[in-house]
Amino acid sequence: MRKIYFAALFAAAFVHAEVTVIKNATIMSESSKGTFKGSILVRDGKIAEVGENVMVPQGATIIDAQGQWVTPGIIDAHSHIAGDGNINEMSVSVSSMVNIKDIINPEDIAIYRALAGGVTTANILHGSANSIGGQTIVLKMRWGKDADGLIFEGAKPGIKFALGENPKRSGNPQPGGRGATPAALRYPATRMGVEDTIREAFNEAVQYKAEWDAWEKGGKQGIPPRKDLKLEALKEVLEGKRYVHAHCYRADEILMLIRVADDYGFKIRTFQHVLEGYKVAKEIAAHGAGASTFSDWWGFKAEAYDAIPYNAALMTKKGVTVSLNSDDAELMRRLNTEAAKAMRYGGISREDALAMVTINPAKQLGVDNRVGSIDVGKDADIVIYDKDPLSNYAKVQKVMIDGNKYFDRDGEVSGRPMKEATKQKMIEREKADQAPAQKRRPQ
Amino acid sequence: MKHILIALLALGAIVVGQPQPTSIAIRNAKIVTVSGPTIAKGTVVLRNGLIAAVGDNVQAPADALVIDGDGMTVYPGLIDALSTWGMPVPAAGGRGGRGAAAPATPAPPPAMGPQDRPQTTSWVKAMEQIAPNDRRIESARSAGFTTAFAFPTVGIFGGQGSAMNLGGAKAEDMVLEPSLGQYISLTVRPSNGFPQSLMGYIAYVRQIYLDADHYKMEKAAYEKNPRGMKRPEFDRALEGVIESKRILLPANRWVEVERMVKFAAELKQPAILYGMREGFDKRSTDYLKSTPVLVSLKWPVKAADGDPDDVESMKTMEVREKAPTSPMALKAAGVKFAFYSDGLDQPRDLQRAVKKAIDAGLSREDAVRALTLSPAEIYGLADRIGSVEKGKIANLVVTRGDLFDDRTRVEMVFVDGVKHLPAPETGGRGGAGTENRQ
């Protein structure tokens with residue numbers, strides 16, 4: 001009797017539910033289930049069932065992934081795509097008043113190309129020109145949606161800090177005639193200046209917070225203090241409401257920022273790039289920060305000289321949650337092979353390597369309850385590869401976000417001739433419009 | 001003797017000048033009222049700068065100067081919904097140089113943040129800067145324009161627009177409404193100071209409105225009980241912003257329409273969006289709902305000096321092709337819109353630009369409305385201009401032929417009831433005449 005009851009319930013549910021089943025794939029779930037051959041049931045945008053066998057309901061869309069591989073959607077913890085205009089507000093060293101959320105550009109083709117590389121979520125950051133940069137946001141690569149539709153709802157907002165060469169160079173003359181002109185000089189010009197800039201900003205923020213707390217506790221009497229966008233963001237950092245993502249390279253500046261954070265009572269959420277992180281992995285782990293780094297870039301500036309490709313593995317061994325990022329629209333499209341490099345350099349296992357571009361960045365961004373692994377209850381952000389995802393030869397076939405298909409390789413390739421034809425017609429139409437006008441011109 | 005007397009009298013009349021008639025009647029003309037049905041053959045009577053009567057049964061008063069309107073069409077005078085005619089042209093190489101005559105005055109230090117109020121002249125009103133003898137005003141009037149909603153457009157907060165009738169020797173004679181709203185521009189200009197990025201510009205505007213709210217609270221508290229309270233520091237920029245009853249925000253792409261509609265809602269300011277190049281896109285009209293918009297008459301064209309080997313994106317080509325259909329699409333979606341010159345001032349250019357929208361599918365009635373009653377409604381002035389109705393200001397354009405057709409001639413233009421004849425067409429640009437250069 002129970003079976004019939006449940007079957008009836010199922011049937012009733014499916015009349016209204018959007019159901020997809022991905023069948024017979026090798027699934028790298030990045031969850032406790034590990035890697036196995038099986039199927040995934042997606043309902044209403046969520047992963048409803050994962051296992052070696054799942055019941056295929058009537059009316060479900062079936063994707064036969066025989067011979068193919070499935071991974072969770074890739075998460076890039078450091079990206080600058082999908083923004084209109086300069087992602088650096090370079091005029092001032094503390095630009096916490098600006099917000100990437102204000103300039104989201106849903107038409108950036110880099111979003112689509114990232115999808116084609118298996119990326120489903122990206123942490124869009126302000127640039128590294130400023131000691132304290134602008135507010136940051138997490139987006140899902142929902143190509144075709146508007147700006148609001150791209151926002152990863154519920155993801156905690158962030159702010160970008162930058163240490164080292166980039167912030168101190170940005171406002172000062174550089175060799176070879178580069179850098180700032182005399183009219184645009186900007187403090188700081190040294191690493192100690194960067195530290196001072198951050199401390200001074202937080203001194204102001206502490207005072208600002210005190211004013212607001214006093215007004216609130218005093219029963220909101222009289223007019224409130226003036227709202228200052230720059231200090232408001234830093235107040236949120238002090239209150240743990242805004243994640244700090246700090247661009248850094250050298251061991252000494254990593255330790256410096258940990259000390260600053262401890263002094264003011266806030267936590268660094270992630271160190272970004274952190275190429276000398278392996279030297280201070282213990283301290284990073286003790287602070288509780290994550291590390292988001294490159295797989296093997298090194299030596300491109302003085303502070304990157306001591307970078308080694310074992311950075312990710314060494315930090316992982318000391319208990320740091322490590323992710324690999326792109327910081328680049330091109331590299332973003334092959335984060336799967338970036339992850340694979342962690343196996344070559346440091347003996348990381350397959351699952352732990354893929355974790356560096358899936359569940360680990362999800363944890364760092366505080367969205368691991370939603371994404372980062374193929375687990376029941378999580379968002380159906382899923383990538384299908386034709387071959388082993390950790391191989392150079394693997395190509396993304398399909399990408400699903402919230403259970404909706406946003407990329408289909410076959411569809412993309414087969415749709416090109418028609419697009420080309422449409423474009424050709426447009427060109428011809430334009431030429432035809434110009435031609436009679438040319439004849440009409442002499443009056 | 002008699003001949004000498006008559007000659008002297010005639011001389012006297014010439015010396016004194018022709019007096020303005022007390023009233024004018026244009027008889028037997030087609031009248032496109034815009035507010036109501038078109039009158040196939042009727043009479044308009046002007047008196048005291050106002051429309052005294054209009055209809056198919058109206059008699060010309062005995063004291064009226066009668067104009068035979070047979071074969072002519074009377075329209076309401078055209079309105080430029082966002083105008084720079086008569087406004088100072090920023091000096092070449094300068095940054096809207098007020099007082100940038102010579103590098104005697106050192107450049108101000110670069111702005112260090114919103115507190116320095118960069119690129120802000122929110123208190124300036126267009127009527128304070130407009131030059132009534134600017135040749136662009138005469139040129140536009142020859143195209144049938146009788147009113148310009150002129151705005152100062154330099155900087156982030158350019159200043160407040162003023163409704164100006166395009167006839168008169170002094171700005172005070174021209175002004176209909178001194179404060180139409182605040183012009184905001186988010187075009188990133190090279191600068192050594194804050195802000196230098198689009199997000200910086202947006203953050204700045206947001207901070208100004210937060211400061212304005214706080215400023216109002218401070219002033220109110222001080223007014224209520226000044227004793228013992230330090231007086232709020234006077235902030236010219238905030239005064240200008242508070243004085244503005246609405247804001248103008250730029251939006252060409254549908255992405256920008258989405259962004260600006262949401263921004264205006266956040267700032268809690270009534271807004272008008274200007275530009276609207278992608279108005280044809282359904283996403284634009286979906287977001288707009290009840291936000292009125294101004295459509296630029298400068299349709300996108302292919303750069304003449306572009307690299308011929310450059311392959312343009314489909315999107316660029318599509319926008320260029322579809323932009324002139326934006327007005328028709330906006331009308332179909334029920335969005336209130338008006339046209340603006342976007343710098344065009346030659347009659348031929350203006351006529352062609354409007355014709356392009358008509359050729360792309362906008363009805364002639366809607367085109368006329370977008371240059372008459374719609375801009376008046378958008379700015380809350382529809383009770384005094386924008387249609388040929390009794391009691392409204394006597395701003396009219398009289399044509400031979402339908403407005404905006406290639407062969408149509410503007411016969412005469414009335415501004416505040418004063419008749420103007422179109423200027424003879426000067427061949428090409430760079431003709432004689434003054435332009436308000438500062």
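1. Let's start with Ile31(B), which sits opposite Ile39(B) of strand S2(B). On another strand, S5(B), Ile31(B) faces Val74(B). Please keep in mind that this is a predicted model.

2. Strand S1 of chain B (residues 23–31) has several pairings worth a look. With S2 (residues 39–47) of chain B, S1 runs antiparallel, and six bridges hold the pair together. With S4 (residues 64–68) of chain B, the pairing is parallel and counts five bridges; here Arg27(B) stands across from Asp68(B). S5 (residues 73–76) of chain B also pairs with S1(B) in the parallel sense, over two bridges.

3. Now for an open sheet in chain B: four strands with mixed pairing, ordered S6-S7-S9-S10. S6 (78–83) and S10 (175–177) of chain B are at its edges; each has a single partner strand, so one side of each lacks a neighbour in the sheet. On average, neighbouring strands here are turned by 25 degrees against each other, direction ignored.

4. Which strand does S6(B) join through four bridges? The partner is S7 (residues 145–150) of chain B, and the two run parallel. Within this part of the chain, Leu78(B) has Phe145(B) of S7(B) as its bridge partner.

Definitions and conventions. Residues are numbered from 1 along each chain as its sequence is written. Chains are lettered from A and ligands numbered from 1 in the order in which they are written. This is a predicted model: local features need pLDDT of at least 70, side-chain atom pairs count only at pLDDT 80 or more; totals for chains, interfaces and linings use all residues. Side-chain values use heavy atoms; hydrogens and water are left out. Two strands pair if DSSP finds at least two bridges between them. Axes are lines fitted to C-alpha atoms, for helices over the stretch in contact, and angles run from 0 to 180 degrees between N-to-C directions.
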